[in-house]
Each structure stands twice: as C-alpha cells, then as structure tokens.
Amino acid sequence: MSMFDLDMGRYAAFVWPAWALSAAVLAALAARAMIAARRWSAELKQLEDETPK
C-alpha cells in the first residue's frame with residue numbers, strides 16, 4: 001500500500017483538472033499579492049523620500 005493513492009478511477013477526468021485549476025488560481029493569487037506588496041513598498045519608499053525631515 002502506497003502513501004499516496006493517486007488513482008481517481010472514473011472520476012479522474014473531473015478531479016485532475018479541478019486540482020490543476022485550483023493550483024493555478026492559488027499561484028495567480030500569490031503572484032498578485034507579491035506584485036502588490038512590491039508596488040506598495042516602492043510607493044512607501046517614494047513617500048518617505050519626499051517627506052521633509
């Protein structure tokens with residue numbers, strides 16, 4: 001008996017695309033969050049540079 005049983009039988013045509021779509025959506029959300037964080041960081045740095053000391 002293996003640790004992972006990846007045989008989905010007759011449901012494989014539904015399960016594997018659903019897993020792939022879920023992974024793609026999660027990757028896109030993570031990438032979007034990272035891009036936004038970089039943008040906010042750059043904006044914060046710009047604002048800090050503009051602020052008189």
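Colleague: How many salt bridges does a search of the whole structure find?

Modeller: The search finds 1 salt bridge. This is a predicted model, where local features need pLDDT of at least 70 and side-chain atom pairs count only at pLDDT 80 or more, while totals for chains, interfaces and linings use all residues. Residues are numbered from 1 along each chain as its sequence is written, and side-chain values use heavy atoms, with hydrogens and water left out.

Colleague: Why is the contact of K45 and D49 called a salt bridge?

Modeller: The term asks for a side-chain nitrogen of Lys or Arg within 4 Å of a carboxyl oxygen of Asp or Glu. The side chains of K45 and D49 meet at 3.2 Å, N to O, so the contact qualifies. Both residues lie in helix α1, 4 residues apart, about one turn of the helix. A helix here is a DSSP run of H or I, at least four residues, numbered from the N terminus.

Colleague: What makes W19 exposed?

Modeller: Exposed means over 50% relative accessible area, buried under 20%, and partly exposed in between (1.4 Å probe, protein chains only). W19 has 57%, so W19 is exposed. W19 is found in helix α1, residues 12-50.

Colleague: How do you know that the protein chain is more spread out than a compact globule?

Modeller: The secondary structure comes to 1 helix and 0 strands. The radius of gyration is 21 Å, well over the 10 Å of the globule rule for 53 residues, so the chain is more spread out than a compact globule. That radius is taken over C-alpha atoms, and the rule is 2.2 Å times the number of residues to the power 0.38.

Definitions and conventions: Helices (H or I, at least four residues) and strands (E, at least two) are DSSP runs, numbered from the N terminus.
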